[in-house]
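Hi there,

Here is the structure I promised to pass on to you. Have it open while you read, and I will walk you through what turned up.

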Amino acid sequence: MSGATLDWQETRLPEERERDLMLRLPALVAQAQSAPGWARILEGVDAAGIGTRAALAQLPVTRKSDLKALQAQDKPFGGLTSTAARALGRIYMSPGPIFDAEGRGPDWWRFGRALYAAGVRPGGLLQNCFSYHFTPAAFMVESAAARIGCTVIPAGSGQTELQVQAMAELRPDTYVGTPSFLKLIVEKAREMGQDIGSVQHAMLSAEALPDSLRQWFVEQGIPHVCQAYASADAGAIAFETRTDGVLNPGMVLDEEIILEIVRPGSGEPVAPGEVGEVVLTVFNADYPLIRFATGDLSAILVDTPPSPCGRTNTRIRGWLGRADQTTKVRAMFVHPSQVHDVVRRHPAVTKARLVVTGTIADETMTLHCEVDDPARAGDGAAIVADIRAVTKLRGDVRFVARGSLPNDGKVIDDARDYI
């Protein structure tokens with residue numbers, strides 16, 4: 001556990017990593033099929049034939065938004081776990097309710113690499129300000145800290161004055177929690193006249209971290225601020241790194257994940273660098289995930305040199321918003337999947353965005369379609385008919401040149417005037 005990385009896997013040649021993941025993929029699919037929920041989802045799939053990204057991309061996408069319905073049918077985990085509920089280490093309940101599993105292995109959530117990248121080291125002292133109530137974030141930190149060999153103050157969330165007192169008297173070097181709660185603690189310490197300057201590192205997650213707030217933390221005396229991207233289903237997904245105190249571009253993927261970025265509302269991978277929905281395949285003996293759509297938007301970082309930290313895995317741009325852009329028009333819900341359904345019927349359209357303008361009850365829907373030559377695309381009558389057939393609403397078509405739509409992952413753009 002010396003040096004810039006926690007383990008040797010992080011510095012493998014990219015082609016070695018890819019080869020290893022693809023060799024392990026068929027066994028993961030077979031393992032998932034042993035769980036009744038995945039057996040239904042992957043019915044008829046020959047696991048031995050799923051050993052490439054192209055083959056993986058043919059499997060169905062299971063969305064995070066599907067979990068509540070799946071779990072209602074087959075309690076508590078929708079039949080998606082390979083380990084029986086009472087053989088697990090913990091069971092969590094998030095709002096919804098959505099139930100999440102934790103097995104018994106060390107650093108089960110694979111959060112150790114994220115903490116190490118944030119500057120946590122053996123012998124350090126970490127104040128864990130994630131909630132210990134029902135949800136797993138605090139326990140992700142606990143198991144990761146145990147792997148690294150640092151000491152944890154199990155502070156949880158809330159009780160800001162006690163948080164300040166603990167920092168002032170115990171002198172932790174690292175804060176882990178949400179950005180907003182760290183801001184409250186810093187402001188409360190200033191109000192109380194307490195010195196919490198021992199905190200030099202912050203690993204932040206569960207909320208967006210604007211550049212302005214990151215800079216504010218630096219100005220308050222916390223120079224080393226990193227983000228982690230994780231979820232209660234997949235565990236650690238990606239994390240920021242630093243080299244000689246300087247933040248490196250992008251977020252490095254965890255070693256146990258196959259990442260796809262797909263067009264929202266579909267399962268089709270987009271071109272590298274294009275914004276789309278994060279879809280994960282996660283190697284986990286207790287809770288395997290196969291093409292699990294998180295509902296988050298991101299993009300693979302392209303045309304950048306290798307990370308100076310030495311980690312060689314794919315990097316993403318971080319959290320860029322939500323993929324579920326469902327919009328109600330004239331009392332009817334319009335979903336990204338419906339836009340995809342219309343577009344896939346017209347191969348000449350390479351990308352599209354449904355723009356909703358006007359005011360409530362007086363909207364206009366226009367499907368902006370990228371094509372090679374807008375001047376020769378015709379009147380779009382067939383697309384107009386398909387919009388009506390799929391959404392049950394009237395819509396217009398506008399042809400635009402390839403590459404003219406913004407690269408922001410939006411499939412539906414609600415541009416109505418709500419004033």
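Tyr 92, Trp 108, Trp 109, Tyr 132 and Phe 139 come together as one aromatic cluster. Before you go looking for them, please keep in mind that this is a predicted model. Five aromatic pairs are found in the structure. One of them joins Tyr 132 and Phe 139: their ring centres are 5.3 Å apart and their planes meet at 75°, so this pair is edge-to-face. Tyr 132 has a relative accessible area of 27% and is partly exposed.

Rings also turn up beside charges here. The charged end of Arg 121 is placed over the ring of Tyr 116, at 3.7 Å from the ring centre. In another spot, Lys 183 lies over the face of Trp 216, and there the distance to the ring centre is 5.1 Å.

Next, have a look at Gln 227. Where does it lie? You will find Gln 227 in strand β8, which runs over residues 224-231. Gln 227 counts as buried because its relative accessibility is 16%, and the limit for that word is under 20%. Which residues does Gln 227 touch, once neighbours within four places in sequence are left aside? Its contacts are Met 203, Leu 204, Glu 207, Leu 209, Arg 214, Phe 239, Glu 240 and Met 251.

Arg 12 belongs to the segment before α1, the helix at 14-33. With a relative accessibility of 6%, Arg 12 counts as buried too. Its side chain reaches the backbone oxygen of Gln 9, at a distance of 3.1 Å. Setting aside neighbours within four places in sequence, Arg 12 is in contact with Arg 17, Asp 20, Glu 255 and Thr 312.

Last, a word on the record. An unreviewed UniProt entry carries the annotation "domain: AMP-dependent synthetase/ligase" for residues 135-280.

Best wishes

Conventions. Residues are numbered from 1 along each chain as its sequence is written. This is a predicted model: local features need pLDDT of at least 70, side-chain atom pairs count only at pLDDT 80 or more; totals for chains, interfaces and linings use all residues. Side-chain values use heavy atoms; hydrogens and water are left out. Helices (H or I, at least four residues) and strands (E, at least two) are DSSP runs, numbered from the N terminus. Buried means under 20% relative accessible area, exposed over 50%, partly exposed in between (1.4 Å probe, protein chains only). Contact means heavy atoms within 4.5 Å. Rings of Phe, Tyr and Trp (its six-membered ring) pair if their centres lie within 6.5 Å; planes under 30 degrees apart count as stacked, over 60 as edge-to-face and the rest as tilted. A charge sits over a ring if NZ of Lys or CZ of Arg is within 6 Å of the ring centre and within 35 degrees of the ring normal. UniProt positions are given in the numbering used here, feature names are shortened, and annotations may be inferred rather than shown by experiment. A polar contact is a pair of N or O atoms within 3.5 Å; within protein, one must be able to donate a hydrogen and the other to accept it, and residues adjacent in sequence count only if both atoms are side-chain atoms.
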